[in-house]
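Work through these exercises with the model open. Each task is followed by its solution, step by step.

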Amino acid sequence: MRFLLIPIAAGAIVWMATAARTADPPARAPIRFELTRLPAVLENHPTPQRHLVETMAGGVAAFDYDGDGRTDLFFTNGAPIPSLIKQAGKDDNRLLHNEGNLVFRDVTAGSGLEGEGYSIGAAAADYDNDGRVDLFVAGAQGSHLYHNDGKGHFSDVTVQAGLRTSEWAVHAVWLDYDLDGKLDLFVVNYLKWSPQSSPLCRAPGMEMTVYCDPRLVEGLPNRLYRNRGDGTFEDVSATSGIGRFTGKGMSAAAADYDGDGYPDIFVTNDTLANFLFHNLRNGKFEEVALDAGVALPQNGQVVSGMGVDFQDFDNDGRPDIVFTALAGQTFTLYQNLGAGSFRDATYRSRLGPQSIRKSGWGVVLADFDNDGWKDLFTAGAHVTDNIEALSGDKYKLPNTLFRNNGDGTLRDVSGSVGEAFQIARAHRGVAVADFDNDGRLDVAVSVLGEAPELWHNTTADPAAWVAFELTGRASNRDGLGAEIRVGRQLGMRVSSEGYASSSLAPVHFGLGQTSVAPTAEIRWPSGKRQVLTHIPVNRVVRVTEPD
């Protein structure tokens, strides 16, 4: 089979007469998952005072830290309150090595990733372009950058890198915002909080303590750090315009929503309007969420924005936005209309009525049945562990799988996924990857106070697929920010997704009912474009950016 790589000039128009077009799929077998519990426990250290930080733990990172071709897992872990000092062993963050056949071995001890303090989020990427994936861990009163030495060990280089801060960070996004080939870091900050300053909140007219409404605590601006290329970062929050906006950030995702070649950043805020930072291509950002139509849901009411994903839901070649919230608020879907604007498609897509009684954290758009349409997976749970004594809502909830019908609508198919999928837990972070390399995407989910879940995709008779592992040359080595088009589908090389989580894995495409070898076009962050024809299917294709 012939496999051609055709570099073309930036900005050129490419006509791909042989491109595979994904047809609307006929009725297919149900998407099925089988549950495996992983060797770790998420210690969130709940207290009678119900400090907000207790409910925020649970970041997951999926990445191949040792380059053996299998995707490994990292889970953040908490610490006792009020000290926020980890108890050795029990509170260590967890690094699980993928041994193959869905067997994971705890290799935390001696890895350098045991961590400090109350860890919350994780973001994986090769920030120094040395071919090894590094890790940023966000936390309460301090975050840490870990450099991968390639020998199974990570070194804490936070101070040397200039990233030392005491702010409460929840999430982070690696992106090359200035397109200089070096990955920069956007850090999502939440509240100006400490155990000593934390208010004690009670249910109205009751002695029962509850987690405080975040409106009672002052928010924080987010941070943007520019990668200098020498192992250090410059805080450009003020000069870029990012630092002008105080929020209560829960998650963020990056995508080029207006097609100008530069990555933009969407941030979900808790009980505040969302942010959309439009990249002005001169090192500065403009906050445009209200003008773009993504600041608030259609009813104009603020919600508890939680996890977010920024991918193409409807195969129109433009990245859309979906984020979770709490019961009574619905999950929200913004459809990208082009020309810098979005419309609220929450009810048009049928997501609204199906999610109105649900609460969610992690969220990801991914094609679990390889039919060529991205489905929606959400991690279920409320924030408040005693919510059932206050309302009719539930605290522990099952996860939810919404199948993409291919016509702009979603359908909750959770009931047919498998019996174990109906079990209610306090779910948090979500990471998606093909952990057993069988061509079907699997899901790892963190759970407060319990072992993480690994949902092995056992969908019968899956369609053909192809995945792309990118290596940049003029772009950053991970190729973060690259766009890949296969037929009608748009896939983007990203690291951060969902709530406090990260998946640095090959960009996966289901091919549906197509029977011909597909063609793909890659737009690298550098602006170079590359066309791949007669691509072999049912395998990971490794692509290096042309000189």
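**Exercise 1.** In which loop is the place of E114?

Solution. This is a predicted model: local features need pLDDT of at least 70, side-chain atom pairs count only at pLDDT 80 or more, and totals for chains, interfaces and linings use all residues. Residues are numbered from 1 along each chain as its sequence is written, and side-chain values use heavy atoms, with hydrogens and water left out.

Step 1. Find strand 6 (103-106) and strand 7 (118-125). Strands are DSSP runs of E with at least two residues; helices are runs of H or I with at least four; both are numbered from the N terminus.
Step 2. E114 sits in the loop between these two strands.
Step 3. List its contacts (heavy atoms within 4.5 Å). Leaving aside neighbours within four places in sequence, E114 touches K86, D92, N93, T108 and A109.
Step 4. Look at the side chain of E114. One of its polar atoms lies 2.9 Å from the backbone nitrogen of G110.

**Exercise 2.** Describe the disulfide that joins C201 to C212.

Solution. Step 1. Apply the rule: a disulfide is a pair of cysteine sulfur atoms within 2.5 Å. The count comes to one disulfide.
Step 1. Check the distance. From S to S, C201 and C212 are 2.0 Å apart.
Step 2. Take the torsion about the S-S bond of C201 and C212. It is about 105 degrees, so the disulfide is right-handed.
Step 3. C201 is in strand 13 (residues 201-202), and C212 is in the loop between strand 14 (209-210) and strand 15 (220-221), so the pair ties together parts eleven residues apart in sequence.
Step 4. Are C201 and C212 buried or exposed? Both are buried. Buried means under 20% relative accessible area, exposed over 50%, partly exposed in between (1.4 Å probe, protein chains only).

**Exercise 3.** Classify the aromatic pair of F323 and Y334.

Solution. Step 1. State the rule. Rings of Phe, Tyr and Trp (its six-membered ring) pair if their centres lie within 6.5 Å; planes under 30 degrees apart are stacked, over 60 edge-to-face, the rest tilted. The count comes to 23 aromatic pairs.
Step 1. F323 and Y334 are 6.0 Å apart, centre to centre, with 45 degrees between the planes, and the pair is tilted.
Step 2. F323 lies in strand 24 (residues 320-323) and Y334 in strand 25 (residues 332-338), so the pair ties together parts eleven residues apart in sequence.
Step 3. F323 is buried, at 0% relative accessible area. Y334 is also buried, at 0%.

How values were computed. A polar contact is a pair of N or O atoms within 3.5 Å; within protein, one must be able to donate a hydrogen and the other to accept it, and residues adjacent in sequence count only if both atoms are side-chain atoms.
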